[in-house]
Amino acid sequence: MTDQNLAIIVLAAGQGTRMKSTTPKLLHPLGGMPIVGHVLATAKSLGAAHVVSVVRHERERLAEVITADLPESVIVDQDEVPGTGRAVELAVAALPADFSGDVLVVNGDVPLLDAGTLRELIERHRAGDAAATILSSFPADATGYGRIVRTADGHLDRIVEHKDATEDERAIGEINAGIYLFGLAQLRDQLAALTTDNAQGEKYLTDVIGLLRQAGFDVDALPVGESWLVEGINDRAQLSDAAAKLNALLVRTWQLAGVTIQDPATTWIDVKAKLAPDVTILPGTQIRGATAIESGAVVGPDTTLLDCEVGANATVKRTDATLSVIGAGATVGPFAYLRPGTVLGSDGKIGTFVETKNATIGSGTKLAHFNYVGDAEVGEKSNLGAGVITANYDGVNKHRTQIGSHVRASTNTVFVAPVRMGDGAYTGAGTIVRKDVPAGALALTVAPQRNIEGWVAEKRPGTDAAKAAEESGE
């Protein structure tokens, strides 16, 4: 349901220099999506009537992601005037003239802040008479953060920056979390009063709080239950910490939903993954992207699945798979590599040291070991022996191989595409299939075997092989 009295401003204009990266800070991945993607998803779940995202550095790259994740967001460019106060000023100007509700300001680099906490903030603000309500927290170390100074009756009096605080003020453990909810009218009035007359030459949003207090308005501060909810990401170390916390939350969520995760410390699950009850995840496994795993499947150990579908009761062991479908009851691995476009039917098998790509493999068909099957279609209940491959590339173009149902391809058969093998056909060991094989036929490419007597004694005299042959008496 849309909240017609709520607008959200997402601050996404920061440069993020401490990441030391060519990738914008807000586009670094976290749990399978960009940092800013988490903030946008939370904003969307709140059902705000308006969302405005303020961008500047790497503007085009950020705008592309924001538009893809939240098409209804209005993109606003921050100008040459620096500061969060200026960013909010520009965003407010982009709101419809007839909007008169509440304005929630969130930071694009605070990805773990959930919708439930923000709904509590909104309810607290609307139940009171404060002109603004902010989130605060009690971190283990408050050094460097702005402190929340409260009045005798518990209301927020002011925010004092660490560098400007007295010793008594620095002893305060409650800090400003940088998440604000304003009434639009009061916010607009105080934004007009902001200046850049400070050491940094910026318009600070925190100054609005002081201006509201000077104008006689009340400002409320709501502490969050856990400080990690409002922690921002500024460098790679903080990104790693956030990833570990997010993953721990996701793992526990799936455990409580009926998924067995044998070793949470070595299991990584992305936000968009879906796991059914009675799935078992073994150590060293990564469930990435929009991977979906059905009930009874066992995945791992040491397996990475990216955007894959795994059917009920399938087993996937020591496998790397991307954009692949694994049917119900199928087995994959160990040491299998499934590249995009692989579809394995129910009860099929892709075994040890098998690589597949853009291949459809029918139900009950087995690729047991040392196979490469690319750009191919294999029917049902066929068996490709050890070393069977499809030679799909002629140096210029890729070609497809079609192998029927109930086919038996013997060891080291090579299918030189484009080629078709009919249902029920066989090949002999070492066959090179260059032309179509009719159904039920046996394909052979056999040259007569020649034995050259005495070759070792003549060509390799004095070797261990020559001595062994001589001593054999044959």
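Which side chain does arginine 150 meet in a salt bridge? Arginine 150 pairs with glutamate 174, at 2.8 Å from N to O; a salt bridge here is a side-chain nitrogen of Lys or Arg within 4 Å of a carboxyl oxygen of Asp or Glu. This is a predicted model, in which local features need pLDDT of at least 70, side-chain atom pairs count only at pLDDT 80 or more, and totals for chains, interfaces and linings use all residues. Residues are numbered from 1 along each chain as its sequence is written, and side-chain values use heavy atoms, leaving out hydrogens and water.

- Strands are DSSP runs of E with at least two residues, and helices are runs of H or I with at least four, both numbered from the N terminus.
- Strand β4 (residues 48-55) has 6 of its 8 residues buried, so the rest of the structure largely encloses it; buried means under 20% relative accessible area, exposed over 50%, and partly exposed in between (1.4 Å probe, protein chains only).
- β4 runs parallel to strand β1 (residues 3-12), joined by 7 bridges, and parallel to strand β5 (residues 74-77), joined by 4 bridges.
- Serine 53 has isoleucine 75, in β5, as its bridge partner.

**Salt bridges**
- The count of salt bridges is 21.
- Glutamate 174 is buried at 5% relative accessible area, whereas arginine 150 is partly exposed at 28%.
- Arginine 213 and aspartate 157 form a salt bridge at 3.2 Å, N to O.

Terms used: Two strands pair if DSSP finds at least two bridges between them.
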